[in-house]
Amino acid sequence: MKLRELKVRLAEVFDLNMANDLLSWDQSTYMPPGGAAARGRQLATIGKLAHQKATDAEVGALLDDLRPYEQSLPADADDAALIRVARRGYEQLACVPADLIGAIYAHSAASYDAWGRARPANDFAAVRPYLERTLELRRRLANCFPGYQHIADPLIDMSDYGMRAESVRAIFAELRAELVPLAQAICAQPLADDACLRQGFPEAQQLAFGERIIRSFGYDFSRGRQDKTRHPFMTKFSLGDVRITTRVCEDDLSDALFSTLHESGHAMYEQGIDLSFEGTPLASGTSAGVHESQSRLWENLVGRSRRMWQHFYPQLQAEFPAQLGAVSLDTFYRAINKVQRSLIRTDADEVTYNLHVMLRFDLELALLEGRLEVKDLPEAWNTRYLADLGVAPPNDSAGVMQDVHWYSGGIGGAFQGYTLGNILSAQFYATARAAHPEIDAEISQGRFDTLHAWLRENIYRHGSKFTTDELVQRVTGGPLSSAPYMAYLRTKYGELYQL
Ligand code: ZN
């Protein structure tokens, strides 16, 4: 009875949050520029309402009343997990004043809008005051959780529950020590030729081909759709409506294609959640890192494998005979796995990608600690790119303004999930292939059912029931480890670059 009452209240919060996500989706896809100001206000209004409902004292009382019931259940029972995760969310939100939530929503929308105009104009000065305000709001948010070790900890915890600045730094340092020499060895080789990807590829055909692949992966279009945006993302409004977005570049085949594969991985995770979790805090992926592990698994470990293209490349050639008819599978495979020192994170290859992430993570910590001021951020960014990747951005559009995250309100906790996801993607994939060695042969025939079923059974269906640590332990039998990821990179790129 009490549980039913709690679920009713949680569903109201869920619905308000999903309504806000729908407004955000619209803002990023179809909304005309004139809608920006009102949209920010609307997001703030609904965000505040959701916050009020989520932190209602009645919810706290229900959670208290339900404690004996929770404790009578095994920890991995659905009801126990629901009460536990709801309590964690309640305690977290109850620390944050509703006014601050409203201010964050309103400011984030305004900042996103300003970035949308400033980035093409290469005008960092125009977004600087927004970033300064974002930083101030994020500090205030972090300070709602006193007792942290590092000011970024509460913010990291919101996207990757259980992680701390300290633990992420340790994981990154270990990975970096192996990654940098590998990247250097590869970059000392002649560049792969990816000219075959940079020809004219009409938008409609590109979209159709990407959708054909993700349909075979198992993305369910009866519970989803794909639209165009500036900065691709996945969003959901219920477990029956999980959408993806992409952007198309007609003279670069890889942009839309791999962003579609990537976002479909996020979306299949959400579509695969146990439907009985609908409307509760369990109905969402468990952390940024685990979410990213699913997108990167499909985009890279599957989507950039020779195996998968053994099946799809002849179809791609048939779709684009003038462009690819005379290009061999080998050339195409090398092109989609070209490693190079580059400026843009979202275009980066698997080997150098994490260096882009690590420097953002470090800059976020420096900003939050007050060691770095927003006005000095572009210079710090450029210096670090030169040091880590050997390239200097020609302007801020291709530098510090390239990613939406900081400009949509998220300084702190915004980036570590990408690299944690890369690490986890290889760990999960190795476990799946060990359990089902037939996965490799199936992929080379364009079949993904065994892999998809394994992911659904072991990861997707649980939603947020388990924390990242619990999930990794359950699925792989051990803690998070970057060893499978490094082994994967060494094998694949060792062969590609004859190291
Ligand atoms: Zn992603």
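Predicted model: local features only at pLDDT ≥ 70, side-chain atom pairs only at ≥ 80, totals over all residues.

1. The second largest cavity is lined by Ile186, Cys187, Gln189, Pro190, Leu191, Ala192, Val339 and Tyr497. Its volume is about 40 Å³. By class, seven of the lining residues are nonpolar, one is polar and none is charged.

2. In total, the structure holds three cavities of 30 Å³ or more. The lining of the largest cavity divides into seven nonpolar residues, two polar residues and no charged ones.

3. Which residues coordinate the zinc ion? The donors are His262 (NE2), His266 (NE2) and Glu292 (OE), at 2.1 to 2.3 Å. Along the chain, these donors follow the spacing H-x3-H-x25-E. Why are His262 and His266 separated by about one helical turn? The two histidines are four residues apart in helix α11 (residues 253–271), and therefore about one helical turn lies between them. His262 and His266 are both buried.

4. The second largest pocket holds about 400 Å³ of space. It is lined by 16 residues, of which Arg307, Arg433, Tyr488, Thr491 and Lys492 are the closest to its centre. Three helices, α13 (306–319), α18 (416–435) and α22 (483–496), each supply at least two residues of the lining. Helix α22 gives the most, with six residues. In the lining of this pocket, eight residues are nonpolar, two are polar and six are charged.

5. The aromatic pairs come to a count of 21. One of them joins Trp25 and Phe237 in an edge-to-face arrangement, with 6.2 Å from centre to centre and 75° between the planes. This pair links distant parts of the chain: Trp25 belongs to helix α1 (residues 2–29) and Phe237 to strand β2 (residues 234–238), 212 residues apart.

6. Trp406 counts as buried because its relative accessibility is 3%, and Phe415 counts as buried because its value is 1%. Phe415 has a charged residue over its ring as well: Arg360 lies over the face, at 5.6 Å from the ring centre. Arg304 is placed over the face of Phe258, at 3.9 Å from the ring centre.

7. Ring pairs also build a cluster, made up of Phe209, Phe217, Trp298, Trp309, Phe312, Tyr313, Phe332 and Phe448.

8. Most residues other than glycine have a negative phi. Asn122, which is not a glycine, has a positive phi near 55°. Where does Asn122 lie? Asn122 lies in the loop between α6 (98–118) and α7 (124–142). Its relative accessible area is 33%, so Asn122 is partly exposed.

9. Gln498 likewise has a positive phi, of about 45°, although it is not a glycine. Gln498 is found in the segment after α22, the helix that gives the most residues to the lining of the second largest pocket. With a relative accessible area of 67%, Gln498 is exposed, because the cut-off for that class is over 50%.

Methods
Residues numbered from 1 in each chain as written. Heavy atoms only, no water. Phe/Tyr/Trp six-rings, centres within 6.5 Å; stacked < 30°, edge-to-face > 60°. Buried < 20%, exposed > 50% of the residue type's maximum accessible area, 1.4 Å probe, protein only. Lys NZ or Arg CZ within 6 Å of the ring centre and 35° of its normal. Donors = N, O, S within 2.8 Å, 3.2 Å for Na, K, Ca; no water. 1 Å grid on protein atoms, 1.4 Å probe; cavity = no way out; pocket = protein on both sides within 12 Å on 5 of 7 lines; lining within 4 Å. Points joined across faces, edges and corners; volume = space filled by probe spheres on them. Nonpolar A, V, L, I, M, F, W, Y, C, P; charged D, E, K, R; others polar.
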